[in-house]
Amino acid sequence: MCVVSRSSAAWLGCFGRRMALDLHLSRVCTGVAAMRQDSNYYQLDTTKKEEEVEDVLSHILRDRSHIDETLRLASEENAAEHYHAAIQKLRKIYHSAIKPMEQAYKYNELRAHEISDGEITSKPMVLFLGPWSVGKSSMINYLLGLKDSPYQLYTGAEPTTSEFTVIMHGEKTRSIEGIVMAADSSRSFSPLEKFGQSFLEKLIGIEMPHKLLERVTFVDTPGIIENRKQQERGYPFNDVCQWFIDRADLIFVTFDPTKLDVGLELEMLFRQLKGRESQIRIILNKADNLATQDLMRVYGALFWSLAPLINVTEPPRVYVSSFWPFDYAPDTSRELFKREEISLLEDLNQVIENRMENKIAFIRQHAIRVRIHALLVDRYVQTFKDKMSYFSDPDLVFKEIVDEPDKFFIFKSILAKTNVSKFDLPNREAYQDFFGVNPIGSFKSLSAQCSYSGGCLLDKIEKAITSELPGLLSSINPGKAPPGLSSCEATGCGDKPKNRYRKN
């Protein structure tokens, strides 16, 4: 009986159904080969030969037409030109209004997340995570129809994927080394150089002309092996995963009925996923290995394993199916599996259709964080100047301010004088490290960041947050109010943003 127990009977039950299906596939493929060796086969015309082979393969390969229909791959991208124009406007807003503030107050050294042109223009990213040999690579092969193609991802019962593989669109099919991807500034992978050459050797890109890849990029990751120490990988695996998690639009965390245990590495992965719950989709793959009763038990066991790791009020949605090119095993819940698959594809299609809205919302959220950081640094600068006297030791004065910001109302003054949520404020300890590297004397106050020709940096970023970015979103959705972008959280509603630091 195939349940989560580690007994030999459970393991034999789980793999017995898959072995039976593999045996069936082997027999069918042997039949095709025998048919081709038959002398009568070569007396048939080419069309007849193809019909006989297709008739045999149709019994083992699953129909993929619902993938094209759900993802609307056959429809023309009429709005492609409008989309690219909106991307260029977004890029212009970022470079003119947000990046100058980033550079002036060294925001990238606080958050270590630099936005490049490649990231602004990049397609939505779908990230595949999970234990080894649960079907992540097979799922990508299935979605892209790569079965038996030269560039299908290698799959097997053993741990097969040791690299981070990025599958993206290109004019022709080719593979790209990680060193080349990191060196290409037009892509969004340049920041990966910071993880070292050992990691870049484990990074590979595959370009191919495909309708789905024109709209989305897939990232396949090495499977999690709990008995392998992270140091043995030769690069900071968790840090690399965090980099991809921070940039992913959709995250597929995949399990199968035989790998439901949660070890240290998987627990660390879910810790990194905190705050991204809305983007996570949990998949129970290879579900056709199980009878209905066993599937219910495995489904419950998966919930029991993940419950301590996901702190959300609503239970996560688990998609149950078998994502690979071959037909479902006999005597399984075919209709249920197909509905689950279509539901997951609809989630993917939603990300594709909302790619421009999500990108604008991401840039606006980034701009709000940059603005808050600039206001905090300005407050530190003003407090330091107020507390300094002729006989004061500047190092001791500023150390006291950094160590005890609440004593000088650094953060409370920002909450009181600006319309900023306390939940958006950075960690106080982060500024101890920030000012440990960046002397307070290297920063100007916001009132000094103004010029007659260019205006004030604070004015520009507030204008971008309150009007330019919401306006760009409205232009791509005419007649539709942009959800969650009311501009109230930046400087209030209704009034033109005013710079209280500006000299009159």
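Helix axes are lines fitted to C-alpha atoms, for helices over the stretch in contact, and the angles between their N-to-C directions run from 0 to 180 degrees. The legends below describe a predicted model, in which local features need pLDDT of at least 70 and side-chain atom pairs count only at pLDDT 80 or more, whereas totals for chains, interfaces and linings use all residues. Residues are numbered from 1 along each chain as its sequence is written, and side-chain values use heavy atoms, with hydrogens and water left out.

**View 1. Packing of helix α14 against helix α17.** Helix α14 (residues 355-387) and helix α17 (residues 428-437) pack with their axes 13 Å apart and at an angle of about 70 degrees, where helices are DSSP runs of H or I with at least four residues, strands are runs of E with at least two, and both are numbered from the N terminus. That angle makes α14 roughly perpendicular to α17, given that 65 to 115 degrees counts as roughly perpendicular, under 35 as roughly parallel, over 145 as roughly antiparallel and the rest as oblique. The crossing of α14 and α17 is right-handed, a term used if the near helix is turned clockwise from the far one by less than a right angle, with left-handed used if anticlockwise. On the α14 side H373, L376, V377 and Y380 meet Y431, F434 and F435 of α17, contact being heavy atoms within 4.5 Å. By class, this contact of α14 with α17 has 6 nonpolar, 1 polar and no charged residues; Ala, Val, Leu, Ile, Met, Phe, Trp, Tyr, Cys and Pro count as nonpolar, Asp, Glu, Lys and Arg as charged, and the others, Gly among them, as polar.

**View 2. Packing of helix α14 against helix α15.** The axes of α14 and helix α15 (residues 394-403) come within 10 Å and cross at roughly 135 degrees, which makes α14 oblique to α15. The crossing of α14 and α15 is right-handed. Y380, T383, F384 and K387 in α14 meet P394, V397, F398, I401 and V402 in α15, and the residues of this contact divide into 7 nonpolar, 1 polar and 1 charged.

**View 3. The salt bridge between E341 and R62.** The side chains of E341 and R62 meet in a salt bridge (3.1 Å, N to O), defined as a side-chain nitrogen of Lys or Arg within 4 Å of a carboxyl oxygen of Asp or Glu. Because E341 lies in helix α13 (residues 334-353) and R62 in the loop between α2 (46-57) and α3 (65-71), the pair ties together parts that are 279 residues apart in sequence. E341 is buried at 0% relative accessibility, and R62 is also buried, with a relative accessible area of 10%; buried means under 20% relative accessible area, exposed over 50% and partly exposed in between (1.4 Å probe, protein chains only).

**View 4. The salt bridge between D117 and R91.** A salt bridge joins the side chains of D117 and R91 (3.1 Å, N to O). D117 lies in helix α6 (residues 117-121) and R91 in helix α4 (residues 80-104), so this pair ties together parts that are 26 residues apart in sequence. D117 is partly exposed, with a relative accessible area of 26%, and R91 is partly exposed at 30%.
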